[in-house]
Amino acid sequence: MSAAPVEIVEREFGELALNMGPQHPSTHGVLRLVLHLSGETVIKAIPVIGYLHRGVEKLSEHLAYDQLAPVYERDDYLAPTANSNAFVLAVEQLGSIAVPRRAQWLRAFVAEWQRVSSHLVWLGTLGLDLGGALGGGTTLYMYCFRERERILDFLEEFTGTRFHTNTNLVGGARYDLDAAMAARSDALAASIKTALPELWAMSGGNPIFQERTRGVGVISADLALGVGVTGPTLRASGVSYDVRKAASYDAYAELPFQVVTRTAGDAEARFQVRFDELAESLKLVRTIVAGLPTGPIFARKPLKNPKATKLPKGEAYAAVESPRGELGFHIVSDGSAKPYRLKINAPSFKNLQIVPHLLPGGLVADVVAILGSLDPVMGDVDR
Amino acid sequence: MSALTTGWLGAVVLSATVLGVAMTIVAYLTWLERKVAARMQNRIGPYEVGFPHGWLQPLADVVKLIIKEDITPRAADRILFNLGPLLVVVPALTGFAFIPIAKGLAIVDHAYSFLFFTAFASLTLLGVFAAGWSSNNKYALLSALRMVAMAASYEVPMILALLIPALLSGSFQLTEVVEAQRGLWFIGYPLVGQVAFLIFLICALAEGNKSPLDILDAESELIAAYNVEYSGIKFALFYAGEYAHTLAICALAATVFLGGYLGPAFLPGFVWLAAKCLVLFVVILWIRWSLMRLRIDQAIRINWMILLPAALVNVLIAAFWVVGR
Amino acid sequence: MPSLGTIVFGTLQTMGMTLRAAFRRGNTVPYPRKKRRVPGQWRAGSFALTFDPATGEENCIGCRLCEYICPSEIITVSLRKGEPRKNGIGATFCDAFVLDYQACMQCELCIQVCPTDAIVMTRALAPAVRSRNGLLLTKERLMDNGQALLAAPALASEATATKLREWTDAARGLPKAEETP
């Protein structure tokens with residue numbers, strides 16, 4: 001076998017081929033962007049991914065269904081239960097396993113708290129991208145993470161760990177909400193709501209932020225639908241598609257909430273959509289706690305040997321609305337206790353496809369603003 | 001006392017004192033910045049090294065940077081690479097030579113000391129360009145490109161804003177500029193003083209690479225920008241040079257707009273000067289840690305569309321007022 | 001470009017916010033001078049193999065359910081037969097029990113399946129170890145942790161197998177038990 005080939009980046013005369021490499025403070029993980037620059041203007045942008053590929057889909061062929069739920073939480077690591085939620089929904093669809101109502105509401109509860117937490121990370125890192133690690137962006141970042149720490153502390157009280165809570169089991173949820181925990185959740189939602197005007201003043205209300213995001217990275221509805229972006233990116237371009245309403249799962253068919261849409265399609269619109277979704281989720285969390293039905297949270301026999309859970313032959317697809325968009329799991333089963341093939345439909349992967357369309361024509365400073373407004377998570381892109 | 005402050009011996013003694021004081025202040029300015037930034041972000045800042053307030057943190061940082069390996073990239077232009085940090089630190093420190101610390105007392109009391117100061121302050125940008133070019137790194141090169149655009153643009157309103165104290169005092173000699181503020185500080189002069197100060201403050205942010213105009217040093221886009229290939233003591237020199245440059249600009253602003261060493265007699269003059277410098281530095285920190293960064297075309301547009309016309313009109317008004325007085 | 005008024009007002013608003021924040025108390029918990037409170041179900045400590053507090057016998061019956069369910073496949077258990085226990089959970093014990101903590105992702109599935117509450121997570125703020133070997137929890141280390149739990153039961157995480165199974169009981173919250181698939 002020959003030595004590894006030297007990569008030559010073809011470029012025109014007068015262009016600077018810059019590697020906004022996998023190690024970069026603003027690429028939201030290990031994303032490599034090969035930028036062709038003429039001065040400060042971007043001529044061509046080629047995203048290179050795969051630096052965080054861990055072979056999760058191949059690993060899935062090796063483990064049993066009951067073992068697999070915690071594994072996917074490491075994909076989109078900012079909203080872990082969205083991944084495992086989609087997975088257990090697909091398995092339950094395949095195996096025709098009924099989930100108790102209270103479990104569905106509890107799944108939505110944790111999912112919405114993690115949506116709040118994920119959007120706080122997005123806002124903080126957007127501040128870092130736009131403002132720099134040695135400047136006003138860090139202040140916004142610290143404020144967002146201060147609020148998020150409280151959410152993580154609450155999840156720690158509720159489940160035992162901050163992020164990868166493993167609350168979703170095939171057939172239900174794992175941790176139950178008692179009165180004290182419910183009261184704590186309500187108090188937390190109220191207190192984070194009081195911090196939102198402060199976060200708005202530092203970001204959306206700040207004229208410099210508006211200057212940096214207005215008219216930057218405009219995605220028309222046609223381009224969005226043609227490339228296949230999902231989530232807040234799609235809703236900011238005027239297409240009102242939210243999996244929670246379009247193909248309701250868990251408790252969302254019974255919960256009242258608004259699908260936030262904007263028409264401008266620029267980075268500022270995406271910011272507004274996510275910020276308003278943050279506020280919506282805080283309201284939703286309180287609605288869920290108030291209306292939580294009684295009953296069990298797990299409808300199967302207690303977990304024993306995972307190899308005993310065999311699913312019938314067939315395939316199933318289930319999708320949830322993660323903070324990044326439509327996150328779907330497609331499982332093909334051959335009748336055994338392990339999946340035959342499992343494919344993850346990752347929203348960040350789809351959203352990243354729009355980068356070669358958006359970046360050319362902008363400046364280098366716009367690159368970070370656009371990437372920040374798309375909110376990719378490389379764990380989700382590469383799996 | 002006067003024998004020590006005149007002639008060659010006097011120059012050496014005064015220089016050593018001012019340099020020593022300035023470098024210590026610069027080291028502790030890094031501590032102040034970290035504490036102020038931390039407080040604005042609901043944190044504490046350094047507290048463990050030199051418990052309870054982390055006052056040994058600058059010492060720890062300097063020692064760490066000194067014992068680090070000094071790496072020079074193989075393809076870098078050696079002369080310019082090594083010259084870069086020097087060109088940043090030396091002009092910044094030289095600027096302190098012109099600041100008057102007491103009546104008639106400055107290390108260099110020259111008829112054109114004001115202009116010399118601004119000339120030296122601009123030399124630091126040569127150091128930035130040398131570092132950016134010689135590093136053989138595209139990020140550093142982008143930073144150097146931006147610097148040429150930014151510095152060339154923001155120098156113009158800065159000089160025009162600095163013309164106001166020169167006009168109002170009638171001299172380019174810094175000691176005379178301070179003496180002319182005995183009645184009213186130049187910032188107090190209606191409209192001309194405040195506008196000039198504001199324009200100077202904004203241009204000082206651009207020269208010192210502070211948010212919202214730290215486009216040269218754009219950490220989130222260009223990583224460390226012009227000093228991306230530097231490590232060890234050279235990086236420490238860049239770091240200290242940046243703070244020394246900011247302090248020198250603050251000292252200039254304190255001298256020409258806020259009355260320098262003038263103040264009630266219960267404290268000596270240089271204490272007042274230091275206090276005004278510190279207040280201005282904290283204001284710059286406050287702006288830096290609150291606001292996000294502008295894009296380069298927006299920054300250039302603000303310069304040529306807003307700052308330059310305002311500065312020109314300001315100079316005109318001040319000139320008419322001086323002539324009519 | 002926004003109007004001058006917007007620029008000035010917006011900038012002053014942001015700066016006013018940071019100025020107000022500068023006078024608030026900092027949020028930092030100065031660890032290790034002040035340690036934070038660890039919640040009852042905390043999963044980020046270490047592991048322990050428990051003993052029956054009444055009879056002092058090991059609870060682990062070597063059934064290997066934890067080994068089968070671990071997604072990271074870090075547990076290795078082997079079974080040996082011994083004398084029947086006084087508390088009636090049988091005559092099988094675990095011969096060797098190795099848990100490689102390096103790859104543990106704290107999913108708690110091993111805790112959930114244990115029929116005798118043998119394996120449990122501890123709530124101690126686990127100190128760092130100086131070599132990788134320190135993270136390889138052998139049966140001796142796990143039993144030492146278990147002995148420590150006998151002395152201080154509050155160190156164990158509240159999420160034991162019994163508690164987790166109680167939560168996921170199919171009859172929980174219902175007036176009578178139901179048949180479910």
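Which residue in strand 3 of chain C is the bridge partner of C:S78?

Analyst: The bridge partner of C:S78 in strand 3 of chain C is C:A96. The structure is a predicted model, in which local features need pLDDT of at least 70 and side-chain atom pairs count only at pLDDT 80 or more, while totals for chains, interfaces and linings use all residues. Residues are numbered from 1 along each chain as its sequence is written, and chains are lettered from A and ligands numbered from 1 in the order in which they are written.

The pair belongs to a wider arrangement of strands. Helices (H or I, at least four residues) and strands (E, at least two) are DSSP runs, numbered from the N terminus. Two strands are said to pair if DSSP finds at least two bridges between them. Strand 2 of chain C and strand 3 of chain C, the latter covering residues 92–100, are antiparallel and share 7 bridges. They are part of an open sheet of 3 strands in chain C, with the order 2-3-5 and antiparallel pairing. Strand 2 (75–81) and strand 5 (136–137) of chain C stand at the edges with a single partner strand each, so one side of each has no neighbour in the sheet. As background, strands of a sheet pair through backbone hydrogen bonds, in either the parallel or the antiparallel sense.

A helix accompanies this sheet. Helix 4 of chain C (residues 139–151) lies across strand 3 and strand 5 of chain C, and runs at about 100 degrees to strand 3. For such values, axes are lines fitted to C-alpha atoms, for helices over the stretch in contact, and angles run from 0 to 180 degrees between N-to-C directions.

The chain as a whole can now be described. Chain C has 5 helices and 5 strands, which follow the pattern α-β-α-β-β-α-β-β-α-α along the sequence. A compact globule of 181 residues would have a radius of gyration near 16 Å, whereas chain C has 24 Å; this radius is taken over C-alpha atoms, and the globule rule is 2.2 Å times the number of residues to the power 0.38. The C-alpha trace of chain C spans about 85 × 50 × 30 Å along its principal axes. Of its 181 residues, 33% are buried, a residue being buried if 20 or more other C-beta atoms, placed from the backbone, lie within 10 Å of its own.

Chain C also touches chain A. Two residues are in contact if their C-beta atoms, placed from the backbone, lie within 7 Å. This contact takes 39 residues from chain C and 41 residues from chain A. On the side of chain C, the elements that give two or more residues are helix 1 (4–22), helix 2 (65–69), helix 3 (109–113) and helix 5 (161–167). Helix 1 of chain C gives the most, with 8 residues. By class, the side of chain C that touches chain A has 20 nonpolar, 14 polar and 5 charged residues. Here Ala, Val, Leu, Ile, Met, Phe, Trp, Tyr, Cys and Pro count as nonpolar, Asp, Glu, Lys and Arg as charged, and the others, Gly among them, as polar.

With 383 residues, a compact globule would have a radius of gyration near 21 Å, and the 21 Å of chain A agrees. Its C-alpha atoms fill a box of roughly 70 × 60 × 35 Å along the principal axes, and 57% of its 383 residues count as buried.

One bridge links A:S322 to its partner A:G325 in strand 7 of chain A. Strand 7 of chain A also pairs with strand 8 (residues 341–345) of chain A, in the antiparallel sense and over 5 bridges; there, A:I331 has A:L342 as its bridge partner. Strand 7 of chain A (residues 325–333) is mostly covered, with 7 of its 9 residues buried.

Finally, chain A meets chain B in a contact that takes 30 residues from chain A and 25 residues from chain B. Helix 5 of chain A gives the most to the side of chain A in that contact, with 6 residues.

Technical notes:
A residue is buried if 20 or more other C-beta atoms lie within 10 Å of its own, exposed if 12 or fewer, and partly exposed in between; C-beta atoms are placed from the backbone.
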